[in-house]
Amino acid sequence: GDLRARVMFSSLFMLSASYFELSNAVLEIMRPCKHGYMAAFPWIPCSFQDPRYPGLIITAVVFFIVYSIGIPSFFGLILLRNRKRINAGDPALEAKYGFLYETYRPKLFWFELIWFLRRVLLSVAVSVVAPRPDYQMAMLMSVLLGSILLHRYVQPFSSSLANLMDLIAT
């Protein structure tokens with residue numbers, strides 16, 4: 001009962017809180033090779049003849065699909081399936097999944113998914129596009145500028161102060 005609900009809440013919250021770091025770490029493995037060696041592991045040659053290379057790449061791709069795409073999809077499914085209960089203010093649902101939507105205006109309960117997308121795009125810019133600093137900077141600036149414009153237009157948080165603080169933080 002109560003212990004199970006707490007463990008579930010804690011687990012989901014940790015998945016959400018660690019999303020950027022873990023996605024960034026897995027994308028770092030997929031960073032293009034430098035001088036014939038992996039950027040993340042410069043002692044491993046980028047060659048399918050070295051069994052470590054394909055093993056790392058396959059693991060990274062699987063983890064990216066399962067975690068970096070799967071977690072936001074899972075949270076999106078939770079939010080969409082429960083949208084009526086969210087809009088009705090169901091306290092049991094809020095205790096379970098409120099960290100995903102409670103700070104947003106009611107009609108924008110799904111907006112956390114936009115932040116997941118922003119995080120993964122920033123991870124791609126930092127990790128995968130890194131060999132070309134000009135492209136990296138252009139992608140970072142595009143993602144952040146797009147975030148600022150979207151935020152300014154939508155004002156997703158229920159509190160004006162939260163909207164201002166997030167705009168300043170971006």
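**Figure 1. Contacts along the whole protein chain of the predicted model.** Among contacts (heavy atoms within 4.5 Å) in the protein chain between residues at least 6 apart in sequence, 55% join residues at least 24 apart. Residues are numbered from 1 along each chain as its sequence is written, and side-chain values use heavy atoms, with hydrogens and water left out. Because this is a predicted model, local features need pLDDT of at least 70 and side-chain atom pairs count only at pLDDT 80 or more, while totals for chains, interfaces and linings use all residues. The secondary structure comes to eight helices and zero strands, where helices (H or I, at least four residues) and strands (E, at least two) are DSSP runs numbered from the N terminus. Taken along the principal axes, the C-alpha atoms of the protein chain fill a box of roughly 55 × 40 × 20 Å.

**Figure 2. Confidence along the chain.** The mean pLDDT, which is the predictor's confidence in each residue from 0 to 100, is 89 for the protein chain, and 98% of its residues reach 70 or more. Confidence is lowest in helix α1 (residues 2-17), at a mean of 85, and highest in α3, at 93. Where pLDDT is low, the predicted coordinates should not be read in detail.

**Figure 3. The largest nonpolar core.** A nonpolar core is a set of buried Ala, Val, Leu, Ile, Met, Phe, Trp, Tyr and Cys residues joined through side-chain atoms within 4.5 Å; buried means under 20% relative accessible area, exposed over 50%, and partly exposed in between (1.4 Å probe, protein chains only). The largest such core has 24 residues, and those with the most contacts inside it are Phe-75, Tyr-97, Leu-100 and Tyr-101. At least two residues of this core are supplied by each of α2 (19-29), α3 (52-81), α5 (91-97) and α6 (112-128), and the largest share, eight residues, comes from α3. Leaving aside neighbours within four places in sequence, Tyr-101 is in contact with Leu-79, Ile-86, Asp-90, Leu-93, Glu-94 and Phe-109.

**Figure 4. The second core.** A separate core of six residues includes Tyr-104, Phe-111, Trp-115 and Val-154. Over the protein chain as a whole, buried residues make up 34% of the 170 residues.

**Figure 5. Asn-82 in its loop.** Asn-82 is found in the loop between α3 and α4 (83-88), and at 14% relative accessibility this residue counts as buried. When residues up to four places away in sequence are not counted, Asn-82 touches Leu-93 and Tyr-97, and Tyr-97 is among the residues with the most contacts inside the largest nonpolar core.

**Figure 6. Gln-155 and its backbone angle.** The loop between α7 (133-154) and α8 (160-169) holds Gln-155, a residue that has a positive phi of about 50 degrees although it is not a glycine. With a relative accessible area of 26%, Gln-155 is partly exposed.

**Figure 7. Thr-170 in the segment after α8.** Thr-170 lies in the segment that follows α8 and is partly exposed, with a relative accessible area of 26%. Its contacts, not counting residues up to four places away in sequence, are with Arg-118, Leu-144, Ser-147 and Ile-148. Although Thr-170 and His-151 are 19 residues apart along the chain, their C-alpha atoms are separated by 9.6 Å.
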